[in-house]
Amino acid sequence: MREGRLVLAQLSDHLPWSEFARCVQRYRPRYPSKSLSHWSQLLCMVFAQLTYRSSLRDTVTCLRSQSSKLYHAGIRGSIARSTLADANERRDARIFQDFALHLIAQARALYADEPTLLGNANDAAIYAVDSTVVDLCLGLFAWAPASKGRAGVKMH
């Protein structure tokens, strides 16, 4: 393991930036954003998934706590919650979908000779599944499982 580099930076080294740039060009927006690049948005969302952040506010708070190191992780510029929320809402999700499908294709090629891993799944569908917890009001949803006075439903 390399010492002195952030884990996010080490992981992003393995992401094919040129393929991501092609995905962005394929669904190029009419009015590009100057404050937050698509790559920085991707890295912010990867950080949120890997560190199990529960909200954009939580994600931005964690990122800002290490703001001097963001440049070395590949995130250019400062991160604001409103900017990240706008980017998530307005940018075409097919950019990230195509990039994820490209990464899945790479994984299939890497494990094509392995009988127990993705090798047997070459003809089957491979899915990337995400889940989130939706908080519910206990007064309205008494059936929701409660923990410490909170209720929620896990969605996949």
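Let's start at Ser12, where a polar atom of the side chain lies 3.0 Å from the backbone oxygen of Ala9. Keep in mind that this is a predicted model. Ser12 belongs to helix H1, and with a relative accessibility of 13% Ser12 falls in the buried class, because the cut-off for buried is under 20%.

H1 covers residues 7–12, and Val7 is part of it. So is Val7 buried or exposed? Val7 is exposed, at a relative accessible area of 52%; the cut-off for exposed is over 50%.

Let me zoom out quickly. The protein chain has seven helices and three strands. The chain has 156 residues, and 24% of them count as buried.

Now, the aromatics. How many aromatic pairs are there? The count is four. Take Phe20 and Trp39: their rings form an edge-to-face pair, 5.4 Å centre to centre, with 65 degrees between the planes. Why edge-to-face? Because plane angles over 60 degrees get that label. Phe20 sits in helix H2, residues 17–26, while Trp39 sits in helix H3, residues 38–50, so this pair ties together parts that are 19 residues apart in sequence. Both Phe20 and Trp39 are buried.

Phe20 has another ring partner, Phe96. That pair is tilted, with the centres 5.9 Å apart and the planes at 40 degrees. Phe96 is in helix H7, residues 94–110, and Phe20 is in H2, so here the pair ties together parts that are 76 residues apart in sequence.

What about the accessibility of those two rings? Phe20 is buried, with a relative accessible area of 2%. Phe96 is partly exposed, with a relative accessible area of 23%.

And if you follow the ring pairs along, Trp17, Phe20, Trp39, Phe96 and Phe99 come together as a cluster.

Arg76 has its charged end over the ring of Tyr71, 4.1 Å from the ring centre.

How many salt bridges turn up in the whole structure? The search finds six, and I'll walk through some of them.

Glu19 and Arg22 pair up through their side chains, at 3.2 Å from N to O. These two are three residues apart in helix H2, so about one helical turn separates them. Glu19 counts as buried, at 12% relative accessibility. Arg22, on the other hand, counts as partly exposed, at 46%.

Next up is Arg26, which makes a salt bridge with Asp98; the closest N and O atoms are 2.9 Å apart. This one links distant parts of the chain, since Arg26 is in helix H2 and Asp98 is in helix H7, 72 residues apart. Arg26 is partly exposed, at a relative accessible area of 45%, whereas Asp98 counts as buried, at 16%.

Then there's Arg94 with Asp92, where the closest N and O atoms are 2.6 Å apart. Arg94 is partly exposed, at 42% relative accessible area, and Asp92 counts as partly exposed too, at 25%.

How do some of these join up? Through shared partners, Glu19, Arg22, Arg26 and Asp98 are joined into one network of salt bridges.

Helix H2 holds Phe20, which pairs with Trp39 of helix H3 and with Phe96 of helix H7. Helix H2 also holds Arg26, and Arg26 reaches Asp98 in helix H7. If you'd like to look at one place in the model, I'd pick the ring cluster that includes Phe20 and Phe96, and then the salt-bridge network that includes Arg26 and Asp98. That's me done, happy to go back to any of these.

How values were computed
Residues are numbered from 1 along each chain as its sequence is written. This is a predicted model: local features need pLDDT of at least 70, side-chain atom pairs count only at pLDDT 80 or more; totals for chains, interfaces and linings use all residues. Side-chain values use heavy atoms; hydrogens and water are left out. Helices (H or I, at least four residues) and strands (E, at least two) are DSSP runs, numbered from the N terminus. Buried means under 20% relative accessible area, exposed over 50%, partly exposed in between (1.4 Å probe, protein chains only). Rings of Phe, Tyr and Trp (its six-membered ring) pair if their centres lie within 6.5 Å; planes under 30 degrees apart count as stacked, over 60 as edge-to-face and the rest as tilted. A charge sits over a ring if NZ of Lys or CZ of Arg is within 6 Å of the ring centre and within 35 degrees of the ring normal. A salt bridge is a side-chain nitrogen of Lys or Arg within 4 Å of a carboxyl oxygen of Asp or Glu. A polar contact is a pair of N or O atoms within 3.5 Å; within protein, one must be able to donate a hydrogen and the other to accept it, and residues adjacent in sequence count only if both atoms are side-chain atoms.
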